[in-house]
Amino acid sequence: MTQKITYQAARTVAAAVEDHFARHLAAARERGEHALAPAPRARAIEAIIDAAFWASLLREEGRSPKISLAYLPPQQAEQPMQFERWLQLTPGVLTKLAPAVERPGIHLGVWCEDDVLYVWGATRAIPSLSFVLEVVEPGLLVVKHRRISGYGKFANVAVLKGEQVKVVDGNATTLSDSSDLLTSMLGFTTASASSRDRGANVLIQLAVSMRDHGRGGSLLIVPAGTQSWQQSIIHPIPYAVDPAFGGLADLIKQGEHECQWRGDLERAVDGIAGLTAVDGATVISDQYELLAFGAKIGRPEGNAPVMQIVTTEPIVGGGAVVVHPAQSGGTRHLSAAQFVHDQRDALALVASQDGRFTVFAWSPTQEMVHAHRIDSLLL
């Protein structure tokens, strides 16, 4: 590439991103997957990130650009909109095009010809494991890929904010003492599709939707068919649901053969996530049946208060730290940690108003509550 790279974080992350896509694409081919995206090279990765970063700091008619770039030739896109003359990839070109493609699901197509990167047009449909770079806000970029399961949120690979770089660590998510649901949720960056991916995908969609409403909220996930969780809830519950509402659960069990299914699923997810904006916690079963919302968490009589938790973030270089639960956030985080401390087969998902997101789970190995900071997976 002849483009001069002046955003140093692009150089810092390019090799790790290249390795991520090379490994996942190779593994997908070994499994017999077809219609896969091309593997991005480090030079192309850093050039795309560099152009997008500087574009994010510009403004068009007083607004900062929000764009998504996908690296693929137009032949691999489904019904691509192509420009008669391809445009060289520059911050100015991206800023000018941004108003036309800022709606969700639209990607500007980028490809290399004669060692030069061009914007060739736009597309809504891209192959599995496509390299995607999203400009979220000025100075904040997220490298993603489209999952082979084909629906729901793309898997995050790296987050760049100014000179800060976070590379999602897939190896850090294989927790031997975690439930299948939590392990698959935290391993959302992996490429393969499995029988448990649908539940993990829905859980990620719930987390994203909770984070997006911006009001903060708590979602408690308890074993289906049990009542022990009610010992940690103050009664009466203002909005108990009886019988349990199975709208989301029924959709998850259905096939995804029709386009309408995905739209129905998104609306059901947003409906549950919207309940978390009500003061108190929303409670669902691990089969995604709605049990209650607006529930107040209380410590059962005779149980000890939670005094320490272990916190981690699934990024390269992110170590475990033992802290008092109050250090993980406010009252909402403290009550969620107490709930999991008392109900050790449950999960608690907590969204902060500032965008932080934490999953609380009991760790038998550590013998304490484990707080997983997953902001880097949700952007």
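Me: What should I know before reading any numbers?
Reply: This is a predicted model, in which local features need pLDDT of at least 70 and side-chain atom pairs count only at pLDDT 80 or more, while totals for chains, interfaces and linings use all residues. Residues are numbered from 1 along each chain as its sequence is written, and side-chain values use heavy atoms, with hydrogens and water left out.

Me: How many helices and strands are there?
Reply: The chain has 9 helices and 17 strands. These are DSSP runs numbered from the N terminus: helices are H or I with at least four residues, strands are E with at least two.

Me: And how much of the chain is buried?
Reply: Of its 379 residues, 53% count as buried. Buried means under 20% relative accessible area, exposed means over 50%, and partly exposed is in between (1.4 Å probe, protein chains only).

Me: OK, helices. At what angle do H1 and H2 pack?
Reply: About 135°, with the axes of H1 (residues 8-30) and H2 (residues 42-56) 8 Å apart. Axes are lines fitted to C-alpha atoms, for helices over the stretch in contact, and angles run from 0 to 180 degrees between N-to-C directions.

Me: What is that arrangement called?
Reply: H1 and H2 are therefore oblique to each other. Angles under 35 degrees count as roughly parallel, over 145 as roughly antiparallel, 65 to 115 as roughly perpendicular, and the rest as oblique.

Me: Which residues of H1 and H2 meet?
Reply: Ala10, Arg11, Val13, Ala14, Ala15, Val17 and Glu18 in H1 meet Ala42, Ile45, Glu46, Ile49 and Asp50 in H2. Contact means heavy atoms within 4.5 Å.

Me: What about H2 and H3?
Reply: The axes of H2 and H3 (residues 91-101) come within 8 Å and cross at roughly 60°. H2 and H3 are therefore oblique to each other. Their contact is made by Ala51, Ala52, Trp54 and Ala55 of H2 with Pro91, Leu94 and Thr95 of H3.

Me: New topic. Is Phe53 buried or exposed?
Reply: Phe53, which lies in helix H2, is buried, with a relative accessible area of 8%.

Me: What does Phe53 touch?
Reply: Not counting residues up to four places away in sequence, Phe53 touches Tyr7, Gly139, Leu141 and Gly162.

Me: How far is Phe53 from Ala10?
Reply: Phe53 and Ala10 are 43 residues apart in sequence, and 8.8 Å apart in space, C-alpha to C-alpha.
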